[in-house]
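Please look over the sequence and the structure below before reading on.

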Amino acid sequence: MAEPSEHFIIHQLDQPPQEAATLIRDFIAMNDDWSLNGEFEMMGGAAVGMKICFNAMRRYVGAAGLHNLALMPCGNIAFFQEDGQAYLSMLDVGYITTLSPHPSLEEGVALARPAYAEMFTEVPGVE
């Protein structure tokens, strides 16, 4: 795997990419704190992309200026397999403060980061 920048969170998975995506999809469907804003197959179905949102993040993004709404949803995730190992890759939500520095966005990132980490620990079981 190519070396990712600090803006990526990478986790090895114990399940195939499609199964991990299903676990996340099912979790979001049963949880009002999250929303699934898009899901798509990539690489002929070998990989799955998802755009998800930790809903509390929305007000922080709007408070930083409505032009920041283009940064949503803040959860851009891919599930894929490389060299026989399945992975979850996500843009760290802090990318939004890199693109648009603002105190409100920093507050939102501080709230969203642990929420994503907890979901990944509870749902596909990564650390």
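**Briefing on the model**

Aspartate 83 is found in the loop between strand 4 and strand 5, where helices (H or I, at least four residues) and strands (E, at least two) are DSSP runs, numbered from the N terminus. This is a predicted model, in which local features need pLDDT of at least 70 and side-chain atom pairs count only at pLDDT 80 or more, while totals for chains, interfaces and linings use all residues. Residues are numbered from 1 along each chain as its sequence is written, and side-chain values use heavy atoms, with hydrogens and water left out.

**Backbone features in loops**

- Aspartate 83 has a positive phi of about 50 degrees although it is not a glycine, and at 76% relative accessibility this residue counts as exposed (buried means under 20% relative accessible area, exposed over 50%, partly exposed in between, with a 1.4 Å probe and protein chains only).
- Methionine 43, which is not a glycine either, has a positive phi of about 55 degrees; this residue lies in the loop between strand 2 (34-42) and strand 3 and is exposed, with a relative accessible area of 64%.
- A cis peptide bond with omega of about -5 degrees joins methionine 72 and proline 73, and proline 73 is in the loop between helix 2 and strand 4.

- Helix 4 (residues 103-122) has 20 residues and should span 28 Å at 1.5 Å a residue, the expected span being 1.5 Å times one less than the number of residues; its end C-alpha atoms are 29 Å apart, which agrees.
- Among the buried residues of helix 4 are Ser104, Leu105, Gly108 and Val109.
- Alanine 112 is in helix 4 and is buried, with a relative accessible area of 0%.
- Contact means heavy atoms within 4.5 Å, and, not counting residues up to four places away in sequence, alanine 112 touches Phe54, Met57 and Val93.
- Cysteine 53 is 59 residues from alanine 112 along the chain, yet their C-alpha atoms are separated by 9.2 Å.

**The largest nonpolar core**

- Of the 33 residues in the largest nonpolar core, Trp34, Phe79, Tyr116, Met119 and Phe120 touch the most other members; such a core is a set of buried Ala, Val, Leu, Ile, Met, Phe, Trp, Tyr and Cys residues joined through side-chain atoms within 4.5 Å.
- The elements that give two or more residues to this core include helix 1 (17-29), strand 3 (47-54) and strand 5 (85-91), while helix 4 gives the most, with seven residues.
- Phenylalanine 79 has contacts, not counting residues up to four places away in sequence, that include Leu13, Ile24, Met50, Tyr87 and Leu88.
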